[in-house]
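Colleague: Could you walk me through the ligand site in this one? I'd like a close look at what surrounds the ligand.

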Amino acid sequence: MLLDAQLKAAIIQAALYSPSADNSQPWQYVWHDTGDLSIWSDPQLSGKATDQTYVLTDLAIGNVLEAIKLQAKSLGIDTELNYFPDEDPMHVAVVSFTSQTNQKLEADDCELAKYIADRHTDRRFPFSGKLDVNIGRQLSESLNDENCQLHTFTDRKEINNYLPLIKKAESIRFRAESLHSELFQTVNFEDPTPSQGMTLGMLGIEPFARPIFRYISTWRNMQKLNKIGASKMIAIRSVTLPIRLSPGLCLLTASGESRLDMVKAGQQMLRFWLAATKLGLSVHPYAAPGVLTLAKPALDPLLTNELSDVEKGLAEQLGASATAIMFFRIGFKKGLPIRSQRRNIDSMLKIVS
Ligand SMILES: Cc1cc2nc3c(=O)[nH]c(=O)nc-3n(C[C@H](O)[C@H](O)[C@H](O)COP(=O)(O)O)c2cc1C
């Protein structure tokens with residue numbers, strides 16, 4: 001089915017709102033003469049450090065594909081996805097569009113589509129509120145892929161089973177040069193509204209702590225402060241306190257670890273996040289435990305051991321059949337955080353020769 005320019009623009013705009021690790025927006029698109037839409041990973045913005053096996057990119061592109069599906073559905077159009085359609089590993093999916101047939105799906109998906117523009121990351125804390133006893137069921141019902149599951153924890157004891165694992169994985173980001181460099185490359189210290197990456201304000205760093213973050217943006221300084229426990233303090237500030245001061249924690253798991261599994265997990269991630277947004281919940285993702293244990297970046301032996309402790313800890317909690325993808329701190333928070341920006345849509349058009 002051929003879409004007119006207005007429908008195409010609405011679909012690409014929805015894709016643009018999708019979340020991506022460090023706001024990297026690592027994707028490109030091409031409209032074909034047939035009316036199909038190809039989504040590619042951007043070679044300049046993917047495949048580095050923790051993304052060497054494309055875990056982060058595939059999750060982000062999964063979010064993009066689901067946004068396209070939901071937006072199309074809300075415009076009365078069905079979609080069919082053909083994943084990794086050819087030999088090119090960067091060509092993640094071709095989306096075909098057809099007139100709508102399935103009325104039941106239409107209602108649920110149209111409802112989720114309404115929240116595409118509002119969905120955002122909220123790194124502020126504390127999150128307040130008592131979560132409804134049915135919250136886990138309500139959020140899980142938004143998923144529609146039996147290979148992915150959403151676990152929602154509101155019980156302190158259950159949350160505490162995961163807290164040390166998240167803390168350990170997050171602190172590794174500040175103790176390995178490659179991960180530190182990857183993280184700080186995405187922080188923009190100059191432009192208050194960068195179209196890619198984030199500012200310290202967007203990262204939720206308090207004004208008084210921003211000079212310290214500027215200081216530790218070089219690996220030399222980070223190493224110096226790590227001697228007096230900086231990475232541990234950062235983990236307490238970014239993981240322990242926010243999670244302790246929030247009423248719930250969610251974990252998205254998948255039953256496989258292939259690139260296709262990651263793309264599909266990304267699709268479910270967006271569905272969960274939109275459902276949470278609909279319920280008025282604030283959402284703060286924590287990718288390090290799942291993504292680092294999946295990507296297995298080259299680290300020194302001490303950190304490799306710590307990462308394998310995280311992996312073992314997750315397996316003890318989840319069993320062998322489920323793979324942890326991403327944690328999300330949830331709760332209620334008034335007002336809005338500083339929202340991240342997006343690139344100009346024209347810069348995402350893939351030039352095909
Ligand atoms: C695969 C993936 C991993 C992410 N990991 C983290 C994370 O570990 N910590 C965090 O604070 N935000 C994380 N985010 C959120 C992104 O930073 C966020 O989506 C991006 O900056 C765009 O902002 P928005 O969600 O407000 O639109 C992640 C998002 C995705 C899709």
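**Around the ligand**

Modeller: Both domain 1 (5-119 + 340-348) and domain 2 (135-331) put at least three residues into the shell around the ligand; those bounds come from an automatic or database domain assignment. Bear in mind that this is a predicted model: local features need pLDDT of at least 70, side-chain atom pairs need pLDDT 80 or more, and totals for chains, interfaces and linings use all residues. Numbering starts from 1 along each chain as its sequence is written, and side-chain values use heavy atoms, with hydrogens and water left out.

The shell has 20 residues, counting any with a heavy atom within 4 Å of the ligand. Arg119, Thr121, Arg123, Ser340 and Arg342 are the closest. By type, the shell splits into 9 nonpolar, 6 polar and 5 charged residues (nonpolar: Ala, Val, Leu, Ile, Met, Phe, Trp, Tyr, Cys and Pro; charged: Asp, Glu, Lys and Arg; polar: the others, Gly among them).

Now for the polar contacts (N or O pairs within 3.5 Å). Thr121 has a polar side-chain atom 2.6 Å from a ligand oxygen. Arg342 also places a polar side-chain atom 2.6 Å from an oxygen of the ligand. On its own the ligand would expose 620 Å², and the protein buries 94% of that (Shrake-Rupley areas, 1.4 Å probe).

The ligand sits in the largest pocket, in that more than half of its atoms lie within 2 Å of the pocket's grid points. A pocket here is an open set of points on a 1 Å grid over the protein atoms alone, where a 1.4 Å probe fits, with protein on both sides within 12 Å along at least five of seven lines.

Which elements give two or more residues to the shell? They are α2 (55-74) and β7 (282-286), and β7 gives the most, with 3. Helices (H or I, at least four residues) and strands (E, at least two) are DSSP runs, numbered from the N terminus. In the loop between β2 (37-41) and α2 you'll find Tyr54, whose phi is positive, about 65 degrees, although Tyr54 is not a glycine.

Technical notes
Polar contact = N/O pair within 3.5 Å; in protein donor to acceptor, adjacent residues only side chain to side chain. 1 Å grid on protein atoms, 1.4 Å probe; cavity = no way out; pocket = protein on both sides within 12 Å on 5 of 7 lines; lining within 4 Å.
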